[in-house]
Amino acid sequence: MENHLKSMYSPSDKTKQNNPSLVTKRSIKFSKKGDQASVTINGVKEDVDVPGCPPTSDHDMHLAATYVTDAKKGRNFKFKTDERSLKFYYVYNKWYLVYPLYFFLFAIMALALFEEPAVNKLLLPVWATMLIEFLCLCYFIFRLMHSARCMPGPVWISDIKNWVVVTVIVLTMIDMMVYLIIINQGMQWFRMFRALRPLLLINFKETTDLRRAFRNIRRSLMGIFSVLILLFLVIGLFALLAREIFQDDALLKPDATNYMSEYFENFWDLYVLVTTANSPDIMMPAYDASPWYMIFFVIYVILCIYIFMSIFLAVIYKDYRKHLKNEVQKSVFKKRRNLLHAWDILKVWRGGLFVVPWQRWQDLMKRVDKSKSILQLKLVWKVLDKDEDNNIDKRAFMKTADILHVRIIEKSRFVPLWEKKLPKLYNSKPSRFFINIVKHKFFSYFFDLLIVLNAVLIGVNVASAEWFFLTIFSLEIVFKLYALGLYRYFTNPWDVFDFTVIVLAVVLSIAAKVATRNSGVARSLDIVLVLRVLRLVRIFNNFERFKVIMKTLRNIGPSIFSFGGVIVVIYYVYAIIGMEVFAGKITYYGYPSEETPEETFNASLLFCGNPNLEGTVFYRDHYCNNNFNNVLKAYITLFELTIVNQWHDILQKPTGHVAVTNKAARLYFIFFHITLVIIIVNIFIAFILEVFMVEYSLSKSSFESEIQRKIEELGLKAMCVDTVFTDRTELTPNMEVSEGQREMSSEELDLSQFCLGERLNSVQSILENMFEGELDEEDMGPTEVDDLDQLDTDQTETIPNPFTLDNVA
């Protein structure tokens, strides 16, 4: 008896060509001869209910492991699947090639410290900086060539990121040659394309989080610009009204210049008022003339600051969140399609459906995550294999990448070294009594009380008790090391912090006794002793409400660093431009004082070395260090501009950088303020609020909950308090291991206990948590879109024909 049918789903030609294993048009034939049933798919015969598992070739298993690893790590690399290319791709992702990329990216960005204008005493010869830059570019070219070897040619050529990197490399080399030619002629020149270096940092595949943040900001700009244009129109209208209202009164500013008499000056002053930097200074001349004039400013402030800026924040958050959701959906779709590739390689036909058996899944995991023990793998398998038939279906297999992110702590990992080497001594009654004291909560409370007392004595400058506290805290470290073991102690961030501070304090205290005249050692010791006060933060961790906040802050750390990278890149671009425009025009030479009065001060060094600043607020308030003479000073100046307070004094006429150049310099500072303060900082605030609320409300992911239930169901739950195992009772775990493996001894059973560690969230996992309720767990993207990088926001809002686990075999 035979039946023959064809699948209803027909993918696009492009999908067939680029992803033949993702989804194909299949011909399926069922046959039965006697008691033996079989199914033939695309001419390949699969026996039904065949005992055991047919072996998988090493290449296929390597390919499947690569797909799952990419899904786990969130990589989106369309590599060629032949054996040689797969080996190249495996090497491409090895740490000894990835870490040098990060090093060279850092090196080429850090060159600004050593190039003219360089930081004091760090200036390197031109040939040295050029050589370093050339080596960096050579490694970038090597990475591009390596990626081209791993990817299909059309895919590599169509990737705009590769062309951005190539363009920057070519322009940089041209810039280097032009610069060398001109300076060798004895002329002054500048490096035109140094500001393009951050494009290298953004466009390599290894900096996905940074690139995603910039891409979402870029896509959000249209909505932002519409509100920004409306805001500028309102400011322009009020600038015109101010001129008509105040010019007839002939009012003067405190610097004796005309008040609100020029339209563009009015626009500038009112724009600064939106930032609140010149409030109430800009209002006071009008207020002194008539209290009724304050109505103008009250209406302006309410409209522009409290209404428009709030709307601005809302629009930024709405647009950015929409595009961020689109990015998260695309990354989830890519992850699921990678897992589907692996599924197609590993599946076998059993019991009337395709499954992945334990043997194949175990072999896969040995390649994907070598750190997990056989017991941890079996525990994860128990979670996936809900039917307990030693097979998992497609829906269970698609959870593999997510469930591998759950940190499972095995009790055997935390057995102290001294217990392994000297078990009788460590487990003796006196030793167990001492260990129980160290692990008791009152032991921690006692040392918390000592930390508070030490902080109080440091605050009142009582130094006579320092050696007493150093001795006590050193004993605390020794006691904990004995009770908890090296691994447990040094995997706790608080213990690592305590160890670092106390050891440094002891070493520097001894050094201070030996070298009594060394002020540098004494100052370092004072700093370390004050750092001990930070241990007070550990006390707040004992209270549940504070503990949740601290845990949430720790979990959103990757997101903060991602946006920190965005800010650093923007600072770098504006710093390079600022150095080219303003370097050397303002310099700090000190200020006249009682010891060095103005009459005896070098006249050429007065007024920040520029006579245009004579009598200005900029010089009067000692702002000379706010310059662009090197990249560090430029960063500090830009940071002060970011804070906003008094930022206009750094640049506005008749003071600051405008005084030493011209009014056009305002454009540089306005663009910086709009880019960073109005757009980036508002996005950062909105994003952190969203992530904080998600992380604050999320105690465990669904996968963590499933594993926790399975641990309890199997009787393998170890009592953990902050990952310290306190339970040593005998267990009878109902947990089988792989076929043919010996039974475990009672001692091994006692050590085969698990608990879940703290979640180590990546930026991707945090983003998925944000949109967890809005993502269909089976959706793999629209069928008509083969390249998910081309998926736009509108397509993610309404997906007519999505891939799901039901319509993809």
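1. The buried residues of helix 3 are Ser-85, Leu-86, Tyr-89 and Tyr-92, where buried means under 20% relative accessible area with a 1.4 Å probe, protein chains only. Seen down the axis of helix 3, they fall within an arc of 115 degrees, so they line one face of the helix; the arc is taken from the directions from the helix axis to the C-beta atoms. Helices here are DSSP runs of H or I with at least four residues, strands are E runs of at least two, and both are numbered from the N terminus.

2. A word on the source: this is a predicted model, in which local features need pLDDT of at least 70 and side-chain atom pairs count only at pLDDT 80 or more, while totals for chains, interfaces and linings use all residues. Residues are numbered from 1 along each chain as its sequence is written, and side-chain values use heavy atoms, with hydrogens and water left out.

3. What lies over that buried face? The cover of the buried residues of helix 3 includes helix 2, helix 4 (95-110) and helix 5 (126-150), with contact meaning heavy atoms within 4.5 Å.

4. Now for the partner in helix 2: His-59, His-62, Leu-63, Thr-66 and Asp-70 meet Glu-83, Leu-86, Tyr-89 and Tyr-90 in helix 3. These contact residues divide into 4 nonpolar, 3 polar and 2 charged. Ala, Val, Leu, Ile, Met, Phe, Trp, Tyr, Cys and Pro count as nonpolar, Asp, Glu, Lys and Arg as charged, and the others as polar.

5. Zooming out, the chain has 35 helices and 11 strands, and 48% of its 809 residues count as buried.

Technical notes:
Buried < 20%, exposed > 50% of the residue type's maximum accessible area, 1.4 Å probe, protein only.
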